[in-house]
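Me: I have a two-chain model on screen and want to go through it step by step. Can we start with the interface and then look at local details?

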Amino acid sequence: MKILVCLKQVPAKDAPVKVASDGANAGKWIRDDVGYETNEPDAYALEEALRQKEAHGGEVVALTVGPARAAQVLREALAKGADRAVHVLGDDLAALDSYAAAEAISRAIAGQGFDLIFTGLQSADFGFGQTGVVLAELLGIPHSTIIMQVEPIAGGVRVKRELEGGFFQFQELPTPAVLTIQSGINKLRYATLMGIKQAKSKPLAQVTAADLGVTPALNRQAIQRLYVPVKTKKTEMLTGAPAQVAGQLAARLKNDLRVI
Amino acid sequence: MADEILVVAESRNQQLAPSTAEVVTAAQKLAADTGAELRLLALEGPAEDLCAALAGFQSAGVLRARHEALAAYSPEAYTQALVQVLSRRQPRYVLFAHSYRTRDFAPRLATRMGRAFISDVTAVRVENGRTIASRPMFEGRLAADTVFLGEPPYFLSVQIGVFRGDQAARAAAPVAISDEAVTPAAGPGKTEAPFQEAKHAVDLTQAAVIVAVGRGIKEAKNLELAQKLAAALGGEIAASRPICDSGWLPMDRQVGSSGQTVAPKLYVAVGVSGAIQHLVGMKGSRAVVAINKDPEAPIFEVADVGAVGDLFEIVPALTAEIEKLRQG
Ligand SMILES: Cc1cc2nc3c(=O)[nH]c(=O)nc-3n(C[C@H](O)[C@H](O)[C@H](O)COP(=O)(O)OP(=O)(O)OC[C@H]3O[C@@H](n4cnc5c(N)ncnc54)[C@H](O)[C@@H]3O)c2cc1C
Ligand SMILES: Nc1ncnc2c1ncn2[C@@H]1O[C@H](COP(=O)(O)O)[C@@H](O)[C@H]1O
């Protein structure tokens, strides 16, 4: 099976969240001290693709749409075992909405004949939760979302979808198809030293977004203003030395909440 | 009929999902703000009747799109049926609950119609004729005012738990129900009935005190810290999803939209950031205490008491204090 995995580079979970309050960048995210990582469900999607290949043969191709820094997620994917990688490159690609990102992916893979396309179910930065399904529509192929198990069957796949509140559901669909993968579908592997070495000789193709005609001008939604959410609840905040905070907290648990 | 707001109802087990009432509340407010007429649309199979329940809400009418191919949910049949209805009616807004089902078909529908879909919306307002939707970004650490580029219909999904379903205005007498003819075809593939995994070994819904750990705990071996705190409080240990995904605690200890929904007397969140999918599982707790080193963490929004600092220092000290108080 030939599997494409879409990996997005997103700000690290512990990245500082700061928004410019004035000037030309007012309402924009200040990304100066921000580190980046692979979007979490995408890492699970890659792992699932690698496991499918190890069990049933085939090829795993990693793809990202993003600025030069995003190549890091592809290098990691190659080190973990992807066969080759495609980087859709452009300086302003961090500003794409899910529709434009899906356009970029569909144009970059035109004619490549993937049997399965894996995306994560949601990105940690924009959190649209849409790119995979939009991509399936653009490609005119079926999709299934929030996947917790993948099993090839004749002519297609049998998947386990997560539903709300602890329910699941099995679904069979013909390939080619897009699956959006949920975190926790498998256990992630680490790249080995050997893998990191081998990755250096694996093909990493670059396509410029401009060549594909992809720019933020394709976007169908735009962020007008970004802000740190205003707190509405009156939370009693305890700050100070840890021992002091612990003492105050214990007193509150005893006297007000009466759980001690 | 350009000035129409359509709410697409959602069914669960042949009945109206509770989230539909929440979307109706949001849509009634939008209708009041814009002067647009609100109608409620049900997609249903021949044996279903969501419309009777929908007719109890104040609206300009209920629309019934009934067809064999809609008896079981499929993204393709939903997309086709909605394309047919929307192409005829040309509404300005189409609202859904931000449910797993909406995630599954709404991006396809909006794309087929060449329109934007703004997902997970917490507020909608109209300013100088422009519709502005607020939505969380970066797992709730930021919020974004987002606008539609292009023409209506504007597709929006409303975050579950933001609007109160019990505040949806009721109609004095049931509103009229009319039929919308649709001829969808189910997509390829086969869908089986929903099921639950084997019964939970622990029933967190019965716990009076829960200590929930998040990724701030860093390593499996550090769970002991939280376990000791739980023991001192006579409570159960629970976790955010990433902790269960990593296999550090079994799945049945997970709290949130894909885990258990709990409402203990006391919920202590330790190193949990407070993403919406976690919050929906514990918001009903009588008291919430959060320990987090990030004073801006969204978990503090639902906390009664927030302790800002390093959990590796605060939790052991707190456990010791509690044990002292217990003995004293
Ligand atoms: C469809 C879907 C369903 C989901 N279902 C669920 C669900 O049921 N339950 C669930 O929990 N999640 C669920 N999620 C995931 C959810 O979106 C979040 O990713 C998750 O809840 C984050 O877990 P966390 O708070 O433990 O980790 P993080 O977001 O990484 O937060 C870690 C926190 O620990 C703090 N911290 C770090 N170090 C320290 C320290 N030394 N001392 C004190 N604090 C520290 C940090 O400041 C941070 O706030 C779901 C997501 C999706 C898309
Ligand atoms: N720029 C991108 N490059 C590669 N994959 C992406 C990109 N944007 C989104 N995706 C994929 O689409 C999924 C859902 O993203 P989103 O629709 O932003 O929530 C992600 O988990 C990725 O797998």
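Me: How many residues of chain A are in contact with chain B?
Reply: Keep in mind that this is a predicted model. On the chain B side, 82 residues take part in the contact. On the chain A side, the number is 88.

Me: What area is buried between chain A and chain B?
Reply: The size of an interface is often given as the accessible area lost when the parts come together. Carbon and sulfur atoms give 55% of it here. The total buried between chain A and chain B is about 7,500 Å².

Me: Which residues in chain A lose the most area to chain B?
Reply: Three residues stand out, together giving 10% of what the chain A side buries. They are Glu137(A), Glu164(A) and Arg220(A).

Me: Which residue of chain B meets Glu137(A) in a salt bridge?
Reply: Between chain A and chain B the count is 10 salt bridges. In the one at Glu137(A), N to O is 2.7 Å. The partner side chain is Arg112(B).

Me: Which element gives the largest share of the side of chain A that touches chain B?
Reply: Chain A and chain B share 44 residue pairs in polar contact, both at pLDDT 80 or more. The elements of chain A that give two or more residues to this side include helix H1 (40-56), helix H4 (131-139), strand E7 (143-153) and helix H7 (242-255). With 11 residues, the largest share comes from H7(A).

Me: How many residues on that side of chain A are nonpolar?
Reply: The side of chain A that touches chain B has 21 polar residues and 21 charged ones. The nonpolar residues number 46.

Me: In which sense do E13(A) and strand E19 of chain B pair?
Reply: E19 of chain B covers residues 305-308, and three bridges link this strand to E13(A). Met237(A) stands opposite Gly306(B) in E19(B). The sense of the E13(A) and E19(B) pairing is parallel.

Me: Why does the aromatic pair of Tyr73(B) and Phe105(B) tie together parts that are apart in sequence, and how many residues apart are they?
Reply: Over all chains there are 12 aromatic pairs. Tyr73(B) and Phe105(B) form a tilted one, 6.2 Å centre to centre with 50° between the planes. Tyr73(B) lies in the loop between strand E5 (61-66) and helix H3 (75-89) of chain B, and Phe105(B) lies in helix H4 (residues 100-112) of chain B, so the parts tied together are 32 residues apart in sequence.

Me: Where does Pro153(B) lie, and what is omega for the bond from Pro152(B)?
Reply: Most residues other than glycine have a negative phi, and most peptide bonds are trans. Pro153(B) lies in the loop between strand E10 (142-148) and strand E11 (154-158) of chain B. The bond joining Pro152(B) and Pro153(B) is cis, and omega is about 5°.

Me: What is phi at Gln90(B)?
Reply: Gln90(B) lies in the loop between H3 and strand E6 (93-97) of chain B. Gln90(B) is not a glycine, although phi is positive. The value is about 50°.

Me: Which residue does Glu47(A) meet in a salt bridge?
Reply: The structure holds 43 salt bridges over all chains. In this one, N to O is 2.7 Å. Both residues lie in helix H1 of chain A, four residues apart, about one turn of the helix. The partner of Glu47(A) is Arg51(A).

How values were computed: Residues numbered from 1 in each chain as written. Chains lettered and ligands numbered in written order. Predicted model: local features only at pLDDT ≥ 70, side-chain atom pairs only at ≥ 80, totals over all residues. Heavy atoms only, no water. Contact = heavy atoms within 4.5 Å. Buried area = accessible area lost by both parts, 1.4 Å probe. Salt bridge = Lys/Arg side-chain N within 4 Å of Asp/Glu carboxyl O. Polar contact = N/O pair within 3.5 Å; in protein donor to acceptor, adjacent residues only side chain to side chain. Nonpolar A, V, L, I, M, F, W, Y, C, P; charged D, E, K, R; others polar. Pairing = 2+ DSSP bridges. Phe/Tyr/Trp six-rings, centres within 6.5 Å; stacked < 30°, edge-to-face > 60°.
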